[in-house]
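Dear colleague,

Please find below the structure that I am handing over to you, together with its sequence. My findings follow directly after it.

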Amino acid sequence: ASSPHSSRKMLGLFTAASSSFAGEARFSARGAAWSPRSASPSLTGVIPDIATVPEGVLSRTTSGRPLVDQRPRPRRNRKSAAVRRMVRETSLTPANFVYPLFIHDVAENAEIASMPGCERHSLPSMLAEAQDAWQYGVRSFILFPKVEDELKSNRGEESYNPEGIVPRAVRMIKEALPESIVFTDIALDPYSSMGHDGIVEDGKILNDDTIEQLCKQALCHARAGSDCVAPSDMMDGRVGAIRDALDAEGFTDVSILAYTAKYASAYYGPFRDALDSHPGFGDKKTYQQDPANGREAYIEAELDEAEGADILLVKPGLPYLDVVHRLRQSTSLPVAAYHVSGEYSMLKAAAERGWLDERKVALETLLCFRRAGADIILTYYAKQASKWLMEEPDL
């Protein structure tokens, strides 16, 4: 048995060791280069300067400061806001935006639950929204109609009704904002009882029969005053047929924005909610592109350009910036990208939860489209982004 004296002695040694260990832990937390073995008995709380940089890695300035022997220093071109503005490679302005507007033939607007901040506009509301966006520099609009079920059919005849919702909407905007650029969507899906972009027969989408309807639709929109028709259907040969139909009727100044690389994407869900245009059966993979294919966009672009397209578009946008860049490198035509509903809604959802700064991320996203090579961006942020750019022109 140990004596009380020896027990007190052992307790004292244990306490001293514990204090020493705690001191070492504090020093270790401050500097990884310092180790317990290098500790001196008289610790002052100052980390010993024992780390040295190998000879020859750094030089010294005349004042003795460390100097890396590197003449090119990219940070010199980032040293101030003025310098960054001077050397900036990419710009973003409201002139780059096309504002998509959803319309319906109802007196009241309807919110689109899956697209916060967007609604189906009555025609008076559509005009008010276009005029509001105009004051922030937005000059271009594209119209997407939700058509009543009783007006839908397999052949989509309502698509070329001269008194249909789109021709009336075009006339309203052009009368109120004559300098605006009005794009109109050319496709049968909003008018189709089958929910597809073309005529359906025995479960297949007919190519050439559909193109006949698309030509009638494009002519109807041109007569109403559309500045640019935008075939989004992905039927083979439709750009050339529409160009010939427009020219034959004297509409040689009406432009064609071709949906050149439109992919069979899952990012379109909220858009289809907005127009109630989900496919009635199957999917759209027999006419829209496979998301796995990039080189295929070259084929579509070459055809559309040869057939008379004025602008080539990639859809979706953000997940397909590689395709935007490919087309930018291969054509002299303007390239457009569609910042689609799924991309928009994901950002909105993250912003609502406080996970992202909506303003900063939205503007960065749009700038990325431009950096990839897009001259034109179809985006639901067109008005909001234009307001932000007026408030703070330098991103």
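Helices and strands are DSSP runs numbered from the N terminus, a helix having at least four residues and a strand at least two. In that scheme, Met234 belongs to the loop between S10 and H6. Please note that the model is a predicted one.

**Overall content**

The protein chain holds twelve helices and 14 strands. It has 395 residues, and 46% of these count as buried. Of the contacts between residues at least 6 apart in sequence, 73% join residues at least 24 apart.

**Backbone features**

Met234 has a positive phi of about 70 degrees, although the residue is not a glycine. Because its relative accessibility is 4%, and buried means under 20%, Met234 counts as buried.

Asp202 is another non-glycine residue with a positive phi, here near 55 degrees. Asp202 is placed in the loop between strand S8 (199–201) and strand S9 (204–206). Is Asp202 buried or exposed? Its relative accessible area is 76%, and since the cut-off for exposed is over 50%, Asp202 is exposed.

A cis peptide bond is present between Lys315 and Pro316, with omega at about -5 degrees. Pro316 lies in the loop that runs between strand S12 (311–315) and helix H9 (321–330).

The buried residues of H6 include Arg238, Val239, Gly240, Ile242, Arg243, Ala245 and Leu246. Against which elements do the buried residues of H6 pack? Their partners are S7, helix H5 (207–224), strand S10 (228–231), strand S11 (255–262) and H8. After H6 comes Gly250, which has a positive phi near 90 degrees.

In strand S6 (residues 140–146), seven of seven residues are buried. In a regular strand, side chains alternate between the two faces of the sheet. Both faces of S6 are covered: one side carries Ser140, Ile142, Phe144 and Lys146, the other Phe141, Leu143 and Pro145, and all are buried.

Two strands pair with S6. Strand S3 (residues 97–104) runs parallel to S6 and is joined to it by six bridges; within this pairing, Leu101 has Leu143 as its bridge partner. Strand S7 (residues 181–186) also pairs with S6 in the parallel sense, over four bridges, and there Ser140 is partnered by Ile181.

His121 is part of strand S5 (residues 119–121). Because its relative accessibility is 5%, His121 counts as buried. The side chains of His121 and Ser125 are joined by a polar contact of 2.7 Å. Beyond its neighbours within four places in sequence, His121 is in contact with Leu101, Phe102, Ile103, His104, Asn109, Met126 and Glu129.

The second largest pocket has a volume of about 280 Å³. Its lining comprises 17 residues, of which Tyr99, Gly117, Glu129, Tyr344 and Tyr380 lie nearest its centre. Which elements each supply at least two residues of this lining? They include S3, S5, helix H10 (341–352) and H12, with S3 giving the most, at four residues. The lining divides into nine nonpolar, five charged and three polar residues.

**Glu391 in helix H12**

Helix H12 (residues 382–391) contains Glu391. Glu391 counts as exposed because its relative accessibility is 55%. The side chain of Glu391 makes a polar contact of 3.1 Å with that of Arg359.

With kind regards

Conventions:
Residues numbered from 1 in each chain as written. Predicted model: local features only at pLDDT ≥ 70, side-chain atom pairs only at ≥ 80, totals over all residues. Heavy atoms only, no water. Buried < 20%, exposed > 50% of the residue type's maximum accessible area, 1.4 Å probe, protein only. Polar contact = N/O pair within 3.5 Å; in protein donor to acceptor, adjacent residues only side chain to side chain. Contact = heavy atoms within 4.5 Å. Pairing = 2+ DSSP bridges. 1 Å grid on protein atoms, 1.4 Å probe; cavity = no way out; pocket = protein on both sides within 12 Å on 5 of 7 lines; lining within 4 Å. Points joined across faces, edges and corners; volume = space filled by probe spheres on them. Nonpolar A, V, L, I, M, F, W, Y, C, P; charged D, E, K, R; others polar.
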